[in-house]
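Please look at the sequence and the model, and then read the sections in order.

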Amino acid sequence: MELLCLEMETNIRARPDPNLLCDDRVLQRLLTIEERFLPQYSYFKVVQKDIQPFMRRMVATWMLEVCEEQKCEEEVFPLAMNYLDRFLAVVPTKKCNLQLLGAVCMFLASKLKETRPLTAEKLCIYTDNSIRPQELLEWELVVLGKLKWNLAAVTPNDFIEHIVRRLPLPEDKLALIRKHVQTFIALCATDFRFAMYPPSMIATGSVGAAICGLQLDSADQSQWGDSLTDLLAKITNTEVDVLKECQEQIECVLESSLREGRQQQQQQQQQQTQRGPSGKGLDELDQSSTPTDVRDVNL
Amino acid sequence: MAAPKRIPAAPRRPARRNLFGPVDREQLQLEYQAALRKDLDEASLRWGFDFRSDKPLEGSHFLWESVPGAGVPLLYRCQDAGRVQKTAETRTPPKRRRSELPQREKENIPLTENIFNVEKTPEKEEKAGMKRKQTNITDFYQAKRRMVWMPRKSGE
């Protein structure tokens with residue numbers, strides 16, 4: 001009995017494999033295949049009639065919250081967003097089915113990446129039971145068909161270790177950097193402007209933004225040799241200008257999301273003082289979902 | 001629950017919430033059936049096989065021949081309701097008429113919707129007796145390895 005309990009508590013993980021992380025071929029291979037998994041179109045102009053960009057953001061924010069609440073692996077959310085975008089790029093979808101699609105995509109991504117995946121029942125509860133497990137399972141098949149069962153997409157998360165290991169970074173800061181990078185990546189996945197960017201660029205831009213945000217680049221200029229951006233661009237074969245732009249865009253998104261968060265916090269506090277703490281229907285933080293450490297990033 | 005206009009993405013606090021109002025179940029079911037039908041039609045075209053009537057289509061790229069159901073692994077025997085009665089016989093594929101479809105050098109390139117463009121030939125179909133470096137399940141199931149129901153490469 002005790003053994004069983006212990007088994008239920010721990011997720012057994014493989015250690016990072018130096019054979020994979022130190023071999024340049026792996027990174028090169030990822031760079032070669034990543035474009036295959038991008039959505040085909042910027043679909044809001046071409047395919048979708050009923051769905052607006054802000055609705056994608058709504059469903060993305062919800063998906064991120066579910067993934068966080070369920071403590072999913074980091075790559076589950078970006079991967080699910082990849083499925084969602086690829087599906088929406090080919091299938092005109094109604095607004096009222098968008099949440100179902102989001103749930104299906106999380107269901108699939110979770111099954112692919114996790115040892116203990118999200119269950120259909122749980123996901124349906126998160127939609128406030130607006131969909132049923134049966135429907136989730138049915139549409140899973142449809143989505144799989146449209147994705148051509150091609151689920152092992154490359155995500156920005158796949159690049160993090162490869163990039164970070166090639167930078168002269170202080171060992172004691174690595175965990176923090178990783179966490180910030182993951183947060184940036186999640187933030188990018190909620191924003192449609194990044195949907196057509198290659199994952200390597202999002203990853204590289206996020207690493208750049210994280211290092212700048214933590215002011216690790218200015219601490220000891222001499223250690224970088226080239227500027228940070230040049231070095232980053234070299235690692236993933238990105239053009240320096242494009243990468244710079246991407247990093248700036250990421251920082252903008254972070255800033256606006258923080259601003260929004262703060263505004264809503266204020267609004268919420270006002271409402272709370274007006275209605276009392278148990279007031280119903282409070283507009284809560286939009287970005288309460290964003291991992292809290294975003295707020296530690298120095299801009 | 002209508003989305004507040006002011007802050008488009010502003011959710012309620014609990015992650016558990018309905019974002020876009022009630023789902024039209026009947027409509028959803030119709031769309032699901034339609035999507036499945038479309039998938040099946042596309043698969044039929046692609047494989048030259050009518051999966052509904054369990055018969056090969058005329059004029060396809062494949063020549064289908066029957067093998068006894070008992071001779072194939074369980075996985076490939078008909079299991080779903082519509083086809084249960086026909087387990088005695090199962091089709092094998094496809095001797096591809098090789099010249100007709102160009103071999104593509106890459107797998108898993110799903111970027112196009114056009115079913116004809118995504119057609120790829122797994123190398124193993126090309127030559128039955130080809131030597132492999134790596135052990136493959138098909139090495140142990142030699143006689144049965146041509147059996148397919150569904151596209152054999154999930155990535156296509």
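Beyond its neighbours within four places in sequence, Leu144(A) is in contact with Leu108(A), Trp149(A) and Leu151(A), where contact means heavy atoms within 4.5 Å. Leu144(A) belongs to helix α9 of chain A; helices (H or I, at least four residues) and strands (E, at least two) are DSSP runs, numbered from the N terminus. With a relative accessible area of 7%, Leu144(A) is buried. Buried stands for under 20% relative accessible area, exposed for over 50%, and partly exposed for values in between (1.4 Å probe, protein chains only). Leu144(A) and Cys105(A) are 39 residues apart in sequence, and their C-alpha atoms are 9.3 Å apart in space.

## Basis of the model

The model is predicted: local features need pLDDT of at least 70, side-chain atom pairs count only at pLDDT 80 or more, and totals for chains, interfaces and linings use all residues. Residues are numbered from 1 along each chain as its sequence is written, chains are lettered from A and ligands numbered from 1 in the order in which they are written, and side-chain values use heavy atoms, with hydrogens and water left out.

For chain B the mean pLDDT (the predictor's confidence in each residue, from 0 to 100) is 64, and 41% of the residues of chain B reach 70 or more. Residues 81-88 of chain B have a pLDDT below 50, and this stretch has twelve contacts in the model beyond near neighbours in sequence. Residues 143-147 of chain B also stay under 50 in pLDDT; the model has 20 contacts for them beyond four places in sequence.

Ser130(A) sits in the loop between α8 (120-126) and α9 (133-146) of chain A. Ser130(A) is buried, at a relative accessible area of 9%. Neighbours within four places in sequence aside, its contacts are Gln99(A) and Cys124(A), together with Asn18(B), Val23(B) and Arg25(B).

Seven of the nine residues of helix α10 (residues 157-165) of chain A are buried, and the helix is mostly covered. Among the buried residues of α10(A) are Phe159(A), Ile160(A) and Glu161(A). Their cover includes α2 (18-21), α3 (24-33), α6 (76-88), α11 (174-190), α12 (199-213) and α14 (228-235) of chain A.

## The second largest pocket

The largest share of the lining of the second largest pocket, five residues, comes from α10(A). This pocket has a volume of about 980 Å³, and Arg13(A), Ala14(A), Glu73(A), Glu75(A) and Glu161(A) lie nearest its centre among 23 lining residues. On a 1 Å grid over the protein atoms alone, a pocket is an open set of points with protein on both sides within 12 Å along at least five of seven lines, a cavity is a set where a 1.4 Å probe fits but cannot get out, and lining residues have an atom within 4 Å of a point. Grid points are joined across faces, edges and corners, and a volume is the space filled by probe spheres set on the points.

## The largest cavity

There are three cavities of 30 Å³ or more. The largest cavity holds about 240 Å³ of space, and the closest to its centre of its 21 lining residues are Pro78(A), Asn82(A), Pro156(A), Ala195(A) and Ile202(A). α6(A) gives the most to this lining, with four residues. The largest cavity lies between domain 1 (33-146) and domain 2 (157-296) of chain A, because both give residues to its lining; the domain bounds come from an automatic or database domain assignment.
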